[in-house]
Amino acid sequence: MKSLPTSYAILIGSLILGIFLYFGLSTNRYSHIEGNKIIDQKTGTLYDLDKKQYIKKNGDLYQYE
């Protein structure tokens, strides 16, 4: 079995890594629902900016300053 030269392995690895990063970072993670409410689509967390609180996916309510 013939092994790839180091330069080809680096080139192929960086290409694969670049494709994963492009598709992973190109999604729109946050979206506005109404007023000052924002939802994080990746984790399901709902942020209420007026009341300075956020609600996690499991229903836990947290306050922040």
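Partly exposed here means a relative accessible area between the buried limit of under 20% and the exposed limit of over 50%. The model shown is predicted.

**View 1. Ser-14 on helix α1.** Ser-14 sits in helix α1, which covers residues 6-25. Its relative accessible area is 43%, so Ser-14 counts as partly exposed. In sequence, 23 residues separate Ser-14 from Lys-37. In space, their C-alpha atoms are 38 Å apart.

**View 2. Asp-40 in strand β2.** Strand β2 spans residues 37-40 and includes Asp-40. Asp-40 has a relative accessible area of 2%, so this residue is buried. The Asp-40 side chain makes a polar contact of 2.9 Å with the side chain of Thr-43. Beyond neighbours within four places in sequence, Asp-40 touches Arg-29, Tyr-30, Thr-45 and Tyr-47.

**View 3. Around the Asp-48 side chain.** A polar atom of the Asp-48 side chain lies 3.4 Å from the backbone nitrogen of Asp-50. With neighbours within four places in sequence left aside, the contacts of Asp-48 are Asn-36, Lys-37, Gln-53 and Tyr-64.

Technical notes
Residues numbered from 1 in each chain as written. Predicted model: local features only at pLDDT ≥ 70, side-chain atom pairs only at ≥ 80, totals over all residues. Heavy atoms only, no water. Polar contact = N/O pair within 3.5 Å; in protein donor to acceptor, adjacent residues only side chain to side chain. Contact = heavy atoms within 4.5 Å. Helix = DSSP H or I, 4+ residues; strand = E, 2+ residues; numbered from the N terminus. Buried < 20%, exposed > 50% of the residue type's maximum accessible area, 1.4 Å probe, protein only.
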